[in-house]
Amino acid sequence: MNINIEDFKKVELRVAKVISAERVEGSDKLLKLMLDLGPEEMADLPAGRQVVSGIAKSYNPEDLIGKEIIIVANLEPRSLMGLESQGMVLAAGGESGPVLLVPEKEVAPGTKIS
């Protein structure tokens, strides 16, 4: 299915820095990430934005802290294993599991992808 450019412009892709990461109790594939999306959002959400992602089989939580990732920032929140996920981490489907999409160089948290 094709979408037009106006539909694509509605998707808000942003750089986020992982503040904390932990396994979700009762799940072998979910991680709960707290993300820094820049000073404006951190003023409203001092603990960061919570995103739940199915990357636990490919990534150790402690290895993600400080890492920059790309997320869909304006996705409607949804509940996963009783936790609200306020976005979606972008990853490619690798042979051994998901591979996170990351900026090639350091970019300020909250930067829009265009």
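Tutor: A strand here is a DSSP run of at least two residues marked E, numbered from the N terminus. The model is predicted. Serine 85 sits in strand E6.

Student: Why is serine 85 called buried?

Tutor: Its relative accessibility is 4%. Buried means under 20%. Serine 85 is under that cut-off, so it counts as buried.

Student: What does the side chain of serine 85 reach at 3.0 Å?

Tutor: The backbone nitrogen of valine 52. The side chain of serine 85 also reaches the backbone oxygen of glycine 87, at 3.1 Å.

Student: What makes these polar contacts?

Tutor: The cut-off is 3.5 Å between N or O atoms, with one able to donate a hydrogen and the other to accept it. The valine 52 pair, at 3.0 Å, is within that distance. The glycine 87 pair, at 3.1 Å, is too.

Student: Which residues does serine 85 contact, leaving aside neighbours within four places in sequence?

Tutor: Gln50, Val51, Val52, Pro77, Arg78 and Leu80.

Student: Why is serine 96 called exposed?

Tutor: Its relative accessible area is 74%. Exposed means over 50%, so serine 96 qualifies. Serine 96 lies in the loop between strand E8 (91-94) and strand E9 (97-100). Its C-alpha atom is separated by 26 Å from that of arginine 14, 82 residues apart along the chain.

Student: What makes methionine 1 exposed?

Tutor: A relative accessible area of 96%, against a cut-off of over 50%. Methionine 1 therefore counts as exposed. Its place is in the segment before helix H1 (5-9).

Student: Which residues make the nonpolar surface patch of about 530 Å²?

Tutor: Met1, Ile3, Ile5 and Phe8.

Student: How many residues has the largest nonpolar core?

Tutor: There are 17. Those with the most contacts inside this core are Leu33, Leu35, Leu64, Ile69 and Ile71. Strands E1 (13-23), E2 (31-36) and E4 (68-72) each supply at least two of its residues.

Student: Why might one look for such a grouping?

Tutor: In soluble globular proteins, nonpolar side chains tend to be buried together.

Student: Which residues are in contact with isoleucine 71, leaving aside neighbours within four places in sequence?

Tutor: Among them are Leu13, Ala16, Leu35, Leu37, Met88, Val89 and Leu90. Isoleucine 71 also contacts Glu12, Arg14 and Arg49.

Student: What is the phi of methionine 81?

Tutor: Phi is near 55°, a positive value in a residue other than glycine. Methionine 81 is in the loop between strand E5 (78-80) and strand E6 (83-85).

Key. Residues are numbered from 1 along each chain as its sequence is written. This is a predicted model: local features need pLDDT of at least 70, side-chain atom pairs count only at pLDDT 80 or more; totals for chains, interfaces and linings use all residues. Side-chain values use heavy atoms; hydrogens and water are left out. Helices (H or I, at least four residues) and strands (E, at least two) are DSSP runs, numbered from the N terminus. A nonpolar core is a set of buried Ala, Val, Leu, Ile, Met, Phe, Trp, Tyr and Cys residues joined through side-chain atoms within 4.5 Å. Buried means under 20% relative accessible area, exposed over 50%, partly exposed in between (1.4 Å probe, protein chains only). Contact means heavy atoms within 4.5 Å. Patches are made of residues with over 30% relative accessible area and no salt bridge: like charges are joined within 9 Å, nonpolar side chains (Val, Leu, Ile, Met, Phe, Trp, Tyr) within 5 Å. Accessible areas come from the Shrake-Rupley method with a 1.4 Å probe; for residues, only the protein chains shown count as cover. A salt bridge is a side-chain nitrogen of Lys or Arg within 4 Å of a carboxyl oxygen of Asp or Glu.
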